[in-house]
Amino acid sequence: SVVLMGIKGKTVNISVTALAASNLNLLDYTEAFDNAAWTKTGGAITADFAYSPTGTLTADKFTAAAGYGAHNMSRPGLTYSGDHNWAIYAKKDNNRWAFISADGVSFNYFDFDDEVWGSNPDNCSAVRVGDGWWRFTHPRNMPGGTFAGCQIGVADADGGAIFTALGTEAILLWGAHLMTGASAAVYQAVDAAYTGRKLVYCAAFDLADESFITDWRHWFFDP
């Protein structure tokens with residue numbers, strides 16, 4: 001649903017295009033990776049550590065734990081079928097390499113220093129969004145019931161998702177998005193679990209500049 005408000009002495013024409021169901025973010029807590037909905041393996045999240053691509057202090061920091069093993073964040077318990085896209089914003093903190101995986105099987109490595117994917121990018125994309133931030137996307141077409149890992153983590157090299165960490169290796173994360181369809185959609189923030197809730201689209205409008213000052217976002221409320 002969309003709510004339009006009239007402002008005295010000002011006429012604002014707003015054109016609204018409904019988002020297709022295939023573009024809706026299937027995740028929740030998309031900017032709160034310290035929430036228990038996100039599993040941290042071999043590492044920990046520091047919430048609201050850095051400024052996000054939108055300039056708000058809402059980006060989280062993932063730091064590897066010292067020792068040998070995998071060092072990542074994931075979203076367990078998800079299944080899907082057909083075309084899906086797992087996307088998340090990432091930025092180098094002090095670690096050169098990061099990896100992303102939509103299914104927990106195909107791992108794709110990105111070199112922040114050289115700004116290139118490693119040897120097995122699996123149709124992944126990395127879009128620069130400013131201030132050192134990138135939006136990573138991993139598209140996958142999977143049979144029904146396949147585990148959707150939605151993983152991102154640190155690595156020590158191309159192909160090095162499992163390594164001995166010093167306990168300082170870190171990347172910055174923000175804005176997770178899982179969607180159906182063959183291509184990635186515009187990021188939509190989701191603040192809490194949405195199952196069984198109503199959906200409302202919201203945007204802030206600057207009356208002086210006559211333009212939106214934030215991207216479309218959506219929140220949920222109990223019916």
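Modeller: Here's a walk through the core, starting with the chain as a whole.

Bear in mind that this is a predicted model, so local features need pLDDT of at least 70 and side-chain atom pairs count only at pLDDT 80 or more, while totals for chains, interfaces and linings use all residues. Residues are numbered from 1 along each chain as its sequence is written, and side-chain values use heavy atoms, with hydrogens and water left out.

The chain has 0 helices and 18 strands. Those are DSSP runs numbered from the N terminus: H or I of at least four residues for helices, E of at least two for strands. Of its 223 residues, 41% are buried, meaning under 20% relative accessible area, where exposed is over 50% and partly exposed is in between (1.4 Å probe, protein chains only). Take contacts (heavy atoms within 4.5 Å) between residues at least 6 apart in sequence: 67% of them join residues at least 24 apart.

Now the core itself. By nonpolar core I mean a set of buried Ala, Val, Leu, Ile, Met, Phe, Trp, Tyr and Cys residues joined through side-chain atoms within 4.5 Å. The largest one has 32 residues, and M73, W86, I88, F136 and L173 have the most contacts inside it. Two or more residues come from each of β3 (59–64), β6 (79–92), β7 (97–101), β11 (133–147), β12 (151–155), β13 (162–165) and β14 (170–180). As general background, nonpolar side chains tend to be buried together in soluble globular proteins.

Zoom in on L173. Leaving out residues up to four places away in sequence, L173 touches F33, A59, D60, F62, M73, I88, Y89, A90, W133 and I152. Two of those partners, M73 and I88, are also on the list of residues with the most contacts inside the core. A separate core of 8 residues lies apart from the largest one, with Y89, L172, Y187 and A189 among its members.

What about the cysteines? C150 is buried at 0% relative accessible area, and C124 counts as buried too, at 12%. With a disulfide taken as a pair of cysteine sulfur atoms within 2.5 Å, the count is 0.

N123 counts as exposed because its relative accessibility is 66%, and its phi is near 65 degrees, positive in a residue other than glycine. D131, in the loop between β10 and β11, has a positive phi as well, near 55 degrees, and is exposed at 59%.
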